[in-house]
Amino acid sequence: HVNWGACPLFINCTIVNNSGIEGGAIHSNFGGYFKMINSIVWGNSSPAIYDNGELREGTSNIYYSDIQEGQEGLSINGEAVLTWGDGNITVDPLFVDSESDYTLQDGSHCIDTGTTDINSWDSYLDDITEFNGLAPDMGALESSYTAVTGCTDPEALNYDEGEGAWIDDGSCVADPGYNGEEGWFVSTTGTLDEDGITDTGNGSE
């Protein structure tokens, strides 16, 4: 329970397989205020996070976390406010055993998709500097695996849907149809400028 102005900070938590009448994972009321970062909320009774919003405005702040059913799985009521921030996902975390072993399997999209930036949320805390791979994992148990990188832009010619990449490595090749000209365009960022041409040059096919 997060009650009466309490303001906990959930960092790299795994909250799974809990049940409650109002809030299987977290029940907040009377002005409760919490932040959740790099965490996994899965397999709890629905709604997983509940804020009744009575008497005082409460705030639920969620960033870089894997939340089952996403915002639809939450119940934010009355004067309560939800901040659904950057980096959140809604995919099966792929636990080794969903009942007893919450280590992430190879291929989990929770791998390397957390953030190192903790200090900006709470100045008393240091940023995360120790982790495996490209970035911290979501959840309490850091995996020994590394994320699959590739082109994650579905509009690109080399979209890695079949390869299963979930972190963009900037290798996307844009469809020439973006600017009506023949040729290929390679971007290290996967982005296009205002003219529809990637920012790293072009060449002919």
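Author: Four strands make an open sheet with parallel pairing, in the order S2-S5-S8-S11. Strands here are DSSP runs (E, at least two residues), numbered from the N terminus. Two strands pair if DSSP finds at least two bridges between them.

Reader: Which are the edge strands?

Author: Strand S2 (9-11) and S11, each of which pairs on one side only. From one strand to the next, the twist averages 10°. Axes are lines fitted to C-alpha atoms, and angles run from 0 to 180 degrees between N-to-C directions.

Reader: What kind of model is this?

Author: A predicted model: local features need pLDDT of at least 70, side-chain atom pairs count only at pLDDT 80 or more, and totals for chains, interfaces and linings use all residues. Residues are numbered from 1 along each chain as its sequence is written, and side-chain values use heavy atoms, with hydrogens and water left out.

Reader: Back to the sheet. How many bridges join S5 and S8?

Author: Five, in the parallel sense, between strand S5 (residues 33-37) and strand S8 (residues 59-63). Tyrosine 63 in S8 is the bridge partner of isoleucine 37.

Reader: And where is serine 65?

Author: In the loop between S8 and strand S9 (66-67).

Reader: Buried or exposed?

Author: Serine 65 counts as buried because its relative accessibility is 0%. The cut-offs: buried is under 20% relative accessible area, exposed over 50%, partly exposed in between (1.4 Å probe, protein chains only).

Reader: What lies 2.9 Å from a polar atom of its side chain?

Author: The backbone oxygen of tyrosine 63.

Reader: Which residues does serine 65 touch, not counting those up to four places away in sequence?

Author: Met36, Ile37, Asn38, Ser39, Gly87, Asn88, Ile89 and Met138. Contact means heavy atoms within 4.5 Å.

Reader: Take glycine 87, then. Where does it lie?

Author: In the loop between strand S11 (81-84) and strand S12 (95-97). Its C-alpha atom is separated by 6.8 Å from that of serine 65, 22 residues apart along the chain. Neighbours within four places aside, glycine 87 is in contact with Tyr64, Ser65 and Met138.

Reader: Why does glycine 87 count as partly exposed?

Author: Because its relative accessibility is 33%.

Reader: Zoom out. How many helices and strands in the chain?

Author: Zero helices and 18 strands. Of the 205 residues in the chain, 40% are buried.

Reader: What about contacts between residues at least 6 apart in sequence?

Author: Among those, 51% join residues at least 24 apart.

Key: A polar contact is a pair of N or O atoms within 3.5 Å; within protein, one must be able to donate a hydrogen and the other to accept it, and residues adjacent in sequence count only if both atoms are side-chain atoms.
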